[in-house]
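Grab your viewer and work through a few exercises on the model below. Try each task yourself before you read its solution.

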Amino acid sequence: MATTKRSLLRRSGFYLALAAFLAVVLFPFFIMLMTSFKSSKEAISLHPTLWPENWTWQHYADIFNPTIFPFMSYFKNSLSVSLVASGIAVLLGILGAYALSRLRFKGRLTINTSFYTVYMFSGILLVVPLFKIISSMGLYDTLTALVITMVVQTLPTAIFMLKSYFDTIPKDIEEAAMMDGLNRLQIIFYITVPLAISGIISVFVYCFMVAWNDYLFASIFLSDAKHFTLPVGLNALFSTPDYIWGRMMAASLVTALPVVAMYALSEKFIKGNLTDGGVKG
């Protein structure tokens with residue numbers, strides 16, 4: 001009886017602490033959401049309120065007005081860069097991770113260990129060499145330049161994650177496929193990829209989130225407004241003379257929706273399979 005009571009108290013304390021933590025973490029997003037529905041005058045009132053006194057959808061209408069904020073143009077640029085860069089990173093990551101996981105060649109362990117060093121350095125260190133390379137190729141102020149930088153940024157992590165997942169796939173399956181006459185590429189795309197599809201989706205979501213949220217490289221490699229991605233476009237909106245808080249909060253929330261939706265749809269892959277990929281099974 002006493003043990004059951006202690007267990008109940010412990011569980012209640014855990015959920016109360018979790019609720020308090022979530023309240024603190026989510027409170028800024030709640031303020032953003034409420035501000036996006038307030039009028040411009042109410043948003044800067046000296047007597048702030050949690051709930052809008054007069055609800056308005058005007059700020060959401062404004063951000064879809066091309067004369068105020070070309071959201072669809074920025075959205076299209078961000079989506080193009082994120083999808084292409086993520087697709088390339090995952091494709092190259094599959095090939096690189098498979099080679100490190102299954103093939104035996106000189107320097108394999110050194111290459112594998114070197115992926116840990118990626119986490120030791122900030123992306124800002126890549127700006128100067130990448131800028132020189134991009135400029136010499138004549139790709140400055142193009143979305144192609146941003147795709148290249150995003151692949152460079154995400155590929156090491158993609159290979160590292162996928163290798164950990166490929167290591168959990170039994171080699172016996174591939175050996176049986178070889179006996180049936182399949183070559184390495186056929187084994188990768190007919191056997192390994194289908195078995196690792198959940199891990200591949202998880203890596204794709206990670207690469208997509210990095211590319212979608214990138215501001216550093218986009219602000220350096222893009223100068224023409226027609227090429228801006230959403231993070232750079234949001235910064236331009238924040239720098240306008242008419243500092244309208246509701247409009248800025250609405251734009252920020254709508255910008256975050258694609259990543260939130262993608263993460264929600266693939267939650268089971270990210271929670272389960274990435275963790276399983278690092279355990280030998």
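Predicted model: local features only at pLDDT ≥ 70, side-chain atom pairs only at ≥ 80, totals over all residues.

Residues are numbered from 1 along each chain as its sequence is written, and side-chain values use heavy atoms, with hydrogens and water left out.

**Exercise 1.** Find how many salt bridges the structure holds, and say which parts of the chain they link.

*Solution.* Start with the criterion: a side-chain nitrogen of Lys or Arg within 4 Å of a carboxyl oxygen of Asp or Glu. Three salt bridges turn up.

- Step 1: aspartate 62 pairs with arginine 247, with 3.5 Å from N to O. These partners sit 185 residues apart, aspartate 62 in helix H3 (residues 58-63) and arginine 247 in helix H13 (residues 245-265). Helices here are DSSP runs (H or I, at least four residues), numbered from the N terminus.
- Step 2: glutamate 174 meets arginine 102 at 3.1 Å, N to O. That pair ties helix H8 (residues 171-179) to helix H4 (residues 71-102), across 72 residues.
- Step 3: lysine 163 bridges to aspartate 167, with the closest N and O atoms 2.8 Å apart.

**Exercise 2.** Which residues form a nonpolar patch on the surface?

*Solution.* The patch consists of Phe14, Tyr15, Leu18, Phe21, Leu22, Val25, Leu26 and Phe29, with about 800 Å² of accessible area together (Shrake-Rupley, 1.4 Å probe). Take leucine 22 as a check: this residue lies in helix H1 (residues 2-36) and is partly exposed at 40%.

**Exercise 3.** Which residues touch the most other members of the largest nonpolar core?

*Solution.* A core joins buried Ala, Val, Leu, Ile, Met, Phe, Trp, Tyr and Cys through side-chain atoms within 4.5 Å. Of its 58 residues, Phe69, Ile94 and Phe166 touch the most other members. Helix H7 (residues 143-166) gives the most to this core, with 11 residues. Now zoom in on phenylalanine 69: leaving out residues up to four places away in sequence, its contacts (heavy atoms within 4.5 Å) include Asp62, Tyr74, Leu234 and Ala251.

**Exercise 4.** What does helix H10 span, and which of its residues are buried?

*Solution.* H10 (residues 197-213) has 17 residues. The expected span is 1.5 Å times one less than the number of residues, giving 24 Å, and the helix reaches 24 Å from its first C-alpha to its last. Its buried residues include Ile200, Val203, Phe208 and Trp212.

**Exercise 5.** Where is aspartate 141 found?

*Solution.* Aspartate 141 lies in the loop between helix H6 (127-136) and H7. Its phi is positive, about 65 degrees, although it is not a glycine. Check burial too: at 16% relative accessibility, aspartate 141 counts as buried.

Conventions. Helix = DSSP H or I, 4+ residues; strand = E, 2+ residues; numbered from the N terminus. Patch = residues over 30% accessible without salt bridge, like charges linked within 9 Å, V, L, I, M, F, W, Y side chains within 5 Å. Buried < 20%, exposed > 50% of the residue type's maximum accessible area, 1.4 Å probe, protein only.
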